[in-house]
Amino acid sequence: MMEMSMVAEGYYAVKSAYKLNQEYKANTPIIDAVYAILYEGKDAKSTFKKLTEKLD
């Protein structure tokens, strides 16, 4: 976000989806991974590696 002059599509949608999923106890590993990268500062490469291992 800091490097862009505009907001990336889906940035705010991920936060909304994550909050809804937490409220309804939904299992959404992809949204959880993207949220962790965008809002918690997690490393993208390692987060997606863990995600792919979980989905296999």
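Leaving aside neighbours within four places in sequence, Thr 47 is in contact (heavy atoms within 4.5 Å) with Ala 33, Ile 37 and Lys 42. This is a predicted model, in which local features need pLDDT of at least 70, side-chain atom pairs count only at pLDDT 80 or more, and totals for chains, interfaces and linings use all residues. Residues are numbered from 1 along each chain as its sequence is written, and side-chain values use heavy atoms, with hydrogens and water left out.

Thr 47 is found in helix α3; helices are DSSP runs of H or I, at least four residues, numbered from the N terminus. Thr 47 is buried, at a relative accessible area of 14%, where buried means under 20% with a 1.4 Å probe and protein chains only.

In helix α2, the buried residues are Pro 29, Ala 33, Tyr 35 and Ala 36. They lie on the same side of α2, because their arc around the axis is only 165 degrees, taken from the directions from the helix axis to the C-beta atoms. These buried residues pack against α1 and α3. Gly 41, with a positive phi near 70 degrees, follows α2.

| Helix | Residues |
|---|---|
| α1 | 11-24 |
| α2 | 29-40 |
| α3 | 44-55 |

The largest pocket has a volume of about 180 Å³. Its lining comprises Pro 29, Asp 32, Ala 33, Ala 36, Lys 42, Thr 47, Lys 50, Leu 51 and Lys 54. The elements giving two or more residues to this lining are α2 and α3. A pocket is an open set of points on a 1 Å grid over the protein atoms alone, where a 1.4 Å probe fits, with protein on both sides within 12 Å along at least five of seven lines; lining residues have an atom within 4 Å of a point.

Definitions and conventions
Buried < 20%, exposed > 50% of the residue type's maximum accessible area, 1.4 Å probe, protein only. Points joined across faces, edges and corners; volume = space filled by probe spheres on them.
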